[in-house]
Amino acid sequence: MFHVKQSYDVVVVGGGHAGIEASLASARMGCATALVTMEKRAIGRMSCNPAIGGTAKGHLVREIDALGGEMGKIADATGIHFRMLNKSKGPAVWSPRCQSDREWYSREALRRIELQAGLDIIEDTIVDIEVTDGQIKALSTGSGVNIRCNAIVLCNGTFLNGIMHTGTTTAAGGRFQEQSSVGLTEILRKLGLQSGRLKTGTPPRLHRDSINYAGTEIQPGDDNPTPFSFQTRAIVNRQIPMYLTYTNIETHRILRTGFDKSPLFTGRIKGVGPRYCPSIEDKINRFADRDRHQIFLEPEGYDSEIVYVNGFSSSLPADVQEQALRTIPGLSHCKVLRPGYAVEYDFFPPHQVSHTLETKRIKHLHLAGQINGTSGYEEAAAQGLIAGINAALAVQGREPLIVERSEAYIGVLIDDLINKSTEEPYRMFTSRAEYRLALRQDNADSRLMRRGHSIGLIPDSVLDRLKQKEDRVAAARRYFLQERLSPEEIGKVLTGNGELETKESESLNQILRRPNVTLSKITEINRLREKSIVQELLQDADAMMRAEIEVKYEGYLKRQEEQIALFKKNESMLIPEGFDYSVLASLSTEGREKLAKVRPRSVGQAIRISGVSPADVSILMISMMR
């Protein structure tokens, strides 16, 4: 336990994934930082699935790492099952994912927090926030301590007035066996912020020895796992398998018997749940024509007796959950260690924050994570990093860090939150990014690492490694244009690939553009393997993959570059601060309301606001030109 100082530059409230990133970033940037959490041992605790990454979420983790965040490094250190998802599809949607050892992840996160210079841990709650002239000045804790501070980052997760539901049973709390945070919502409302109510949930946990794994399909990890962090040389942890099974008609019949006691269907849960990660009862209700749903059985650690039932989130009565589980192949004699439950919690609609995640009403008050209406560890960590960085930059009087949606999934996330109404917990998907081919997980380092270096979160040595890889890719691209293969050599490459042979020589660039030809196949030609640039590529898997993608998708990437240029043009057309939309009589009523509510910083942002029509944008632009 650290000694509590009388003042800090930045105070971060909440020790979840957002709080970890915010506090570490602030401290590493030279700010005296405090992390306030109700329980130190709960820092980094995985409330739901002990997994990091996944479709689009893996992109976020790679971007967090490229900016200097910690999630990817912790996942690499504690992961027990790694897979690159969507490899059968195009590279825009390839997404790394890992299952982590749940307890190990939390211990490792705490260890890194405790070792960080300039960062204190305070086990307490917040009972008041002092604001003077619209700016943060101090806060008070539940133990009666008053702390002066220049900035606050709130990362409260699902704890604000949290209520847990299982059937007809309810209990106050933001997570199993952890109390909720009461009073902070009311404080923020008094400061002029609007709040809402959302819902999330978690599945039951089973004892590993009660499962008949012979009745399931084994899911192995990748042979050569791809790390999340660009600073991790290789994954060295022993990998263990996960298991796949399915619900059936009988499972669904039993689940329906509990609908009359479901807090979701009886109206006791008022908050809206995540559409794209629904509870099992919601699935069988909405998709009544489906006779089965996937269930993944995921061990929570090397030595843990707990198995997470991915795909079976539920708030039905515990006895109904258990009966239904026992109809699933492999689970006929399962022992339920803990039933699933739903959590209702307060959030603050994110139109109230700017792209720095600072609230528009209160200077130097930042919100990050589920308090902004998102779901998922990765979405929370991304916001925590941006909020922590910008809180530190604000305290230091430096220019803010704004990540555009054309630069990163992090930019898409924040831009969507601000411009689109949050009626349900926001989850990241690759389909949300219009420039997703340019925003691949493999090039996050080139897109963002220099920005992380400029604010002091990426060391010189790491940036030097990036430059070496980029030089290697550029040299390879030049070589692909110059080196040619004879028709006989091309025939060897094309054998079994379903490609038409040729009677003329072709450059490697031309050959690589064929859909079924890979760079690894080309490098099997003996004379090419003797080339120094080829040998370098064979020793650098990241550079080799980057070079191949850039060749195969060159035309598409150029098209996206043109689209991004147009995007940036619209973003450069800034709207004067305090612009009075009420004087534009020709605006639609909805357009005027939404523009006044969101207060976009540019014409580009105005275009993306839900409810603002193209006609409204034209009227706005004409007015600005005048």
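Okay, let's start with a charge over a ring: Arg292 sits over the face of Tyr246, 3.6 Å from the ring centre. By that I mean NZ of Lys or CZ of Arg within 6 Å of the ring centre and within 35 degrees of the ring normal. Arg338 does this with Phe176, at 4.2 Å from the ring centre.

Quick caveat: this is a predicted model, so local features need pLDDT of at least 70 and side-chain atom pairs count only at pLDDT 80 or more, while totals for chains, interfaces and linings use all residues. Numbering runs from 1 along each chain as its sequence is written, and side-chain values use heavy atoms, with hydrogens and water left out.

Now, Arg447. You'll find Arg447 in helix H11, residues 444-454 (helices are DSSP runs of H or I, at least four residues, numbered from the N terminus). Is Arg447 buried or exposed? Arg447 counts as buried because its relative accessibility is 17%, and buried means under 20% relative accessible area, with exposed over 50% and partly exposed in between, using a 1.4 Å probe and protein chains only. Its side chain makes a polar contact of 2.8 Å with the side chain of Glu63 (N or O atoms within 3.5 Å, one able to donate a hydrogen and the other to accept it; residues adjacent in sequence count only if both atoms are side-chain atoms). Beyond four places in sequence, Arg447 also touches residues including Glu407, Ala408 and Leu439, where contact is heavy atoms within 4.5 Å.

Methods: Helix = DSSP H or I, 4+ residues; strand = E, 2+ residues; numbered from the N terminus.
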